[in-house]
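Please view the sequence and the model before reading on.

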Amino acid sequence: MKDLVIIGAGGFAREACLLVEEINRSGDGREKWNLLGFIDEDQARWGLKFRGYPVLGGWAALGELPQSAVLICAIGKPADKQKMVRQADRQGREFATLVHPSVTLADDVKLGNGVLINKGCLLTTNISVADHVSINPGCGIGHDAVIDAFTTLMWRVNISGAVKIGTSCLLGTGSTVLQNKTIGNRCVVGAGAVVIEDLPADCTAVGVPAKSVSVDN
Amino acid sequence: MKDLVIIGAGGFAREACLLVEEINRSGDGREKWNLLGFIDEDQARWGLKFRGYPVLGGWAALGELPQSAVLICAIGKPADKQKMVRQADRQGREFATLVHPSVTLADDVKLGNGVLINKGCLLTTNISVADHVSINPGCGIGHDAVIDAFTTLMWRVNISGAVKIGTSCLLGTGSTVLQNKTIGNRCVVGAGAVVIEDLPADCTAVGVPAKSVSVDN
Amino acid sequence: MKDLVIIGAGGFAREACLLVEEINRSGDGREKWNLLGFIDEDQARWGLKFRGYPVLGGWAALGELPQSAVLICAIGKPADKQKMVRQADRQGREFATLVHPSVTLADDVKLGNGVLINKGCLLTTNISVADHVSINPGCGIGHDAVIDAFTTLMWRVNISGAVKIGTSCLLGTGSTVLQNKTIGNRCVVGAGAVVIEDLPADCTAVGVPAKSVSVDN
């Protein structure tokens, strides 16, 4: 059983904590984790306990943990997530990939490192999910979809067949991307938005159908 | 095994009936129920059978049942639900809380009396659901959400992290409330609406993003 | 164990293939299938293998298979699906009905022939689904709903209580139909649309609330 540390100590991190507990309770043969606690740069959280696990401190505290402890980044905002991962890389840390026991994955679904997939997600066939993608509960991802690194799907996002999503995108709760559409890097898709056309990089799109409201976040 | 009576005999009540049957069939250790039937004020339904269970009559019929029989209110409209519960209180009745076996609840999720949570709902951590809240299939509720008494969530409602919802609200199918937003008492949120700002009490909001269309229901 | 052939070899067909594999792996007593492969009119696909199963060829190839082999049509567009079924009828073929093991069906849910229901769908009570209806992952269908032949529900469609949907309709991902509404034959409902009024036959409706944008597809 490997040691595990959650990066972040906000709401998303506490949901990741529950995910780890549910993996550990699952009867199946998947890898179990010895959760050490949370790492968070916000000093106001140091020493607090969430679900019984301590906020261990900031990066300095992480440095004192054995190198064998692996990480999962539980931060929604892609830019912040990227910063955290860069910091962890400097410490030569490795990342775990966590999938809720309720999610079944076909043998042709490829997951990178540091991927988090929470409960109730539905994935089908020939899907590729790159490093540090965070997938919140209840998302659906169709055949041949490709999701690039650091992207976050909030709750109940619908990614249709053959969709391509760039790096560091943030897709809002209940948003939908139609078949064969491509979303560029660093896009933000609003909650409930329905993307019916390709989106260029660095744009924010909201509404039904989704319209770009700015080209720079 | 306690006796149970469903208040209401419409579609929602028949779905509650199926919920009870699925709880009773579940292998786990949760409490099972002896379902006596339905109570409904609509005389046209008296004597009918739904899924094999009789509509026993109105409040007078309930009065004849042993005091040990507990109730669940399967009525969608919050104001009607409130009336029914007041009536039941006069008879000194207690209410059951029913959760579908497919729904896993963390130990820090608090449920009041008379709560109904149907299948496929996804809840995470530190959630509070007050008395007589009805949650239809497929809803998602994030960390730290608080839902006050008598509120009804139709199918597939998305309640994001740290959302607060007042009493006697009705959230339409597929609606979404964004993180940290507060919805006042007796609000109605339209199907598919995306709430991106706080809503004051007694308003109706529809669309993406949700806009208030009236301040008095 | 009956022989089974999937009609179509696109993304939807490969998702149906995964569905068959998941049915075959399920521990429960449901009928298992000997999947022979795919039939597709597109010659460019002949001889290819998807998930280890060959594209056997077009209708001529199907004609060479034993008459005992049954079919499932895994094509989204209702008009194309109808053509395929007509062709199969000429060969006197029978159709299988496939339901994902994660989907529980009450005893009063009626399914026709050639129905496909994929994972994560939530159905309640007294629902009728006619021949060759295709239901993609994560759909929700409420009490007393009636869905007529050849209709396709894309991912996460919400069909509320007592809704009636005509033949050969296509409901887009994440769309919602409110209680008691009726949708005429051959309608198209856009992704994310919320249908709050009856739709006459042959119309296309999009948006929140859904508005008809054309009366002829």
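Which element gives the most to the lining of the second largest pocket? The model discussed here is predicted, and in it α1(C) gives the most, with three residues.

## The second largest pocket

Besides α1 (11-25), β20 (188-189) of chain C supplies at least two residues of this lining. The volume of the second largest pocket is about 530 Å³.

In total, 24 residues line the second largest pocket. Nearest its centre lie His143(A), Ser160(A) and Gln179(A), together with Gly76(C) and Met154(C). By class, the lining has eight nonpolar, 13 polar and three charged residues.

## The largest pocket

The largest pocket holds about 970 Å³ of space. Its lining is made up of 38 residues, and those closest to the centre are Ser102(A), Gly120(A), Ser102(B), Gly120(B) and Leu122(B).

The lining of the largest pocket divides into 14 nonpolar, 16 polar and eight charged residues.

## Where chain A meets chain B

At this interface, 20 residues of chain A are in contact with 24 residues of chain B. The two chains bury about 1600 Å² between them, and 59% of that area is on carbon and sulfur atoms.

Eight residue pairs are in polar contact between chain A and chain B. The side of chain A that touches chain B has seven nonpolar, seven polar and six charged residues. Three salt bridges are found across the interface. Arg14(A) forms a salt bridge with Asp144(B), with the closest N and O atoms 2.5 Å apart.

Conventions:
Residues are numbered from 1 along each chain as its sequence is written. Chains are lettered from A and ligands numbered from 1 in the order in which they are written. This is a predicted model: local features need pLDDT of at least 70, side-chain atom pairs count only at pLDDT 80 or more; totals for chains, interfaces and linings use all residues. Side-chain values use heavy atoms; hydrogens and water are left out. Contact means heavy atoms within 4.5 Å. Buried area is the accessible area (1.4 Å probe) that two parts lose on being put together, summed over both. A salt bridge is a side-chain nitrogen of Lys or Arg within 4 Å of a carboxyl oxygen of Asp or Glu. A polar contact is a pair of N or O atoms within 3.5 Å; within protein, one must be able to donate a hydrogen and the other to accept it, and residues adjacent in sequence count only if both atoms are side-chain atoms. Ala, Val, Leu, Ile, Met, Phe, Trp, Tyr, Cys and Pro count as nonpolar, Asp, Glu, Lys and Arg as charged, and the others, Gly among them, as polar. On a 1 Å grid over the protein atoms alone, a cavity is a set of points where a 1.4 Å probe fits but cannot get out, and a pocket is an open set with protein on both sides within 12 Å along at least five of seven lines; lining residues have an atom within 4 Å of a point. Grid points are joined across faces, edges and corners, and a volume is the space filled by probe spheres set on the points. Helices (H or I, at least four residues) and strands (E, at least two) are DSSP runs, numbered from the N terminus.
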